[in-house]
Amino acid sequence: MQLAFVSPGCAMCCQVLSVFGIVFLVILGLLFNAEVEELTGSTEDPVHPKEVGRMCFIAAAVYAAFFFCCSCQQVVRRNDIRRARRL
């Protein structure tokens, strides 16, 4: 059964983008939870900044799940290559 369904290049790209997404969203979530003036001070900004911060953390968790999935794909590919070399 073939468990690797993503190419190594796509998996690496997904990992890199996921890391940047996680860092960016966690920072935004922390800033919204702290109710930083630049993010919550005008009339067009969110009414409930703590809820926006919570949503940023949830989105970061989704990115973390993608990072985990792509990391598993890298491990599966590495094991497939090792197995092929033994044969």
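Guide: When I say that two residues touch or are in contact, I mean that they have heavy atoms within 4.5 Å of each other. Keep in mind that this is a predicted model. Let's take Ser18 as our spot, which is found in helix 1, running over residues 8-33. Helix 1 has the highest mean pLDDT among the elements of the chain, at 94, while helix 2 has the lowest, at 82.

Ser18 has a relative accessible area of 2%, so it counts as buried, the cut-off being under 20%. What does its side chain do in there? One of its polar atoms lies 2.7 Å from the backbone oxygen of Cys14. Setting aside residues up to four places away in sequence, Ser18 touches Tyr63, Phe66 and Phe67.

Now for the rest of the chain. It has three helices and zero strands, so from the N terminus on you simply read α-α-α. Helix 3 covers residues 49-86. With its 38 residues, helix 3 reaches 56 Å from first C-alpha to last, close to the 56 Å expected at 1.5 Å a residue. Its buried residues are Pro49, Gly53, Cys56, Ala60, Cys70, Gln73, Gln74 and Val76. Helix 1 and helix 2 are among what covers them.

Gln74 gives you a view of this from the helix 3 side. It has a relative accessible area of 14%, and is therefore buried. Leaving out neighbours within four places in sequence, Gln74 is in contact with Pro8, Ala11, Met12 and Gln15. Across the chain, if you take contacts between residues at least 6 apart in sequence, 71% of them join residues at least 24 apart.

For another part of the chain, go to Pro46, in the loop between helix 2 (37-40) and helix 3. Pro46 is partly exposed, at 30% relative accessibility. It touches Phe32, Leu39 and Val52, again not counting residues up to four places away.

The C-alpha trace spans about 65 × 20 × 15 Å along its principal axes. The chain's radius of gyration is 19 Å, whereas a compact globule of 87 residues would come in near 12 Å. Buried residues make up 20% of those 87.

Cys10, for one, is in no disulfide, because its nearest cysteine sulfur, that of Cys13, is 7.0 Å away and a pair has to be within 2.5 Å. Cys10 is partly exposed, at 47% relative accessibility, whereas Cys70 is buried, at 6%.

As for confidence, the chain averages a pLDDT of 88, with 98% of the residues scoring at least 70.

Terms used
Residues are numbered from 1 along each chain as its sequence is written. This is a predicted model: local features need pLDDT of at least 70, side-chain atom pairs count only at pLDDT 80 or more; totals for chains, interfaces and linings use all residues. Side-chain values use heavy atoms; hydrogens and water are left out. Buried means under 20% relative accessible area, exposed over 50%, partly exposed in between (1.4 Å probe, protein chains only). Helices (H or I, at least four residues) and strands (E, at least two) are DSSP runs, numbered from the N terminus. A polar contact is a pair of N or O atoms within 3.5 Å; within protein, one must be able to donate a hydrogen and the other to accept it, and residues adjacent in sequence count only if both atoms are side-chain atoms. pLDDT is the predictor's confidence in each residue, from 0 to 100. The expected span of a helix is 1.5 Å times one less than its number of residues. The radius of gyration is taken over C-alpha atoms; the globule rule is 2.2 Å times the number of residues to the power 0.38.
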